[in-house]
Amino acid sequence: MKINLKDIPVGPDHPMPEKLKWAKLVYDACSQKLLEEPVVRSLLSDYKDSIQENWKVMKDTGVVAECTRCAMQDGGSCCGSGIENKFDVINLLINLLMGVELPSEPWDPTGCWFLGEKGCRIVARHVICVNFMCRRLYDALSPEKVKAVQEAMQRETENGFMLEEYLKTWLARHG
Ligand code: SF4
Ligand code: SF4
């Protein structure tokens, strides 16, 4: 199917089924060319590395353990319904380029569209998910650990931003 890239809904303010449909259309139309581009491959690789590094830092500093305790024992969660509205087509496209299978419906209607039984079901999360540190985490972690987590978060969000911006430019150029 031929698509006009100028028709892609811009920004986050569109229903998730529409954004998913467009992300898949763009992926089908452009992924081969995109994944052949050295710049895209390099930006994707840096972004993936910084995501993995951030998860490692969150595990090593105790963030993952604290969030698991919060969710399993205290019924806490910061992945509520509506956060998926922050995502735009580019965020979803990046997940597809990383091989993520995007869910066609939420697992928990009271939770974020991407929340699953074992946590987040996507790899490239929104900047508001990545940067979120609640009071409980600040209380549980030493200042050194907070600093290490914040630095890892920043690397992830910066690399994600650079890839997003490049993809937007690429799509505008090829539109
Ligand atoms: S970030 Fe805070 S509220 Fe969210 S799961 Fe972790 S401890 Fe709980
Ligand atoms: S971390 Fe994942 S499940 Fe949680 S709000 Fe962000 S995208 Fe949704």
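Predicted model: local features only at pLDDT ≥ 70, side-chain atom pairs only at ≥ 80, totals over all residues.
Local features require pLDDT of at least 70 and side-chain atom pairs count only at pLDDT 80 or more, whereas totals for chains, interfaces and linings use all residues. Residues are numbered from 1 along each chain as its sequence is written, and chains are lettered from A and ligands numbered from 1 in the order in which they are written.

Helices are DSSP runs (H or I, at least four residues), numbered from the N terminus. Helix H2 covers residues 38–61. Its 24 residues should span 34 Å at 1.5 Å a residue, and the end C-alpha atoms are 34 Å apart, which agrees; the expected span is 1.5 Å times one less than the number of residues. A residue is termed buried if 20 or more other C-beta atoms, placed from the backbone, lie within 10 Å of its own, exposed if 12 or fewer do, and partly exposed in between. In H2 the buried residues are Leu43, Leu44, Tyr47, Ser50, Ile51, Asn54, Val57, Met58 and Thr61. Their cover includes H3, H4 and H7, with contact between two residues defined as C-beta atoms, placed from the backbone, within 7 Å.

Helix H4 is largely enclosed by the rest of the structure, because eight of its nine residues are buried. These are Val89, Ile90, Asn91, Leu92, Leu93, Ile94, Asn95 and Leu97, and they pack against helix H1 (16–36), H2 and H7. Just after H4, Gly99 has a positive phi of about 85°. Within H4, Ile94 counts as buried, with 23 C-beta neighbours inside 10 Å. Not counting residues up to four places away in sequence, Ile94 touches Ala124, Leu163 and Glu164.

The axes of H4 (residues 89–97) and H7 (residues 143–174) come within 10 Å and cross at roughly 105°. Axes are lines fitted to C-alpha atoms, for helices over the stretch in contact, and angles run from 0 to 180 degrees between N-to-C directions. The two helices are therefore roughly perpendicular, a term that applies to angles of 65 to 115 degrees. Ile90, Leu93 and Ile94 of H4 meet Leu163, Glu164, Leu167 and Lys168 of H7. By class, this contact has five nonpolar, no polar and two charged residues; Ala, Val, Leu, Ile, Met, Phe, Trp, Tyr, Cys and Pro count as nonpolar, Asp, Glu, Lys and Arg as charged, and the others, Gly among them, as polar. Elsewhere in H7, Val146 is partly exposed, with 16 other C-beta atoms within 10 Å. Val146 touches Tyr138 and Leu141, not counting residues up to four places away in sequence. The C-alpha atoms of Val146 and Thr61 are separated by 8.2 Å, although these residues are 85 apart along the chain.

The ligand shells comprise residues whose C-beta atom, placed from the backbone, lies within 6 Å of the molecule. Around ligand 1 are Glu66, Cys67, Cys70, Ala71, Gly76, Ser77, Cys78, Phe132, Cys134, Arg136 and Leu137. Two or more residues of this shell come from each of helix H3 (63–73) and helix H6 (135–140), and H3 gives the most, with four. The shell around ligand 1 has seven nonpolar, two polar and two charged residues.

Ligand 2 is surrounded by Cys79, Ile83, Cys112, Phe114, Leu115, Cys120, Ile122, Arg125, His126 and Cys129. This shell divides into eight nonpolar, one polar and one charged residue.

Conventions: Parallel < 35°, antiparallel > 145°, perpendicular 65-115°, else oblique.
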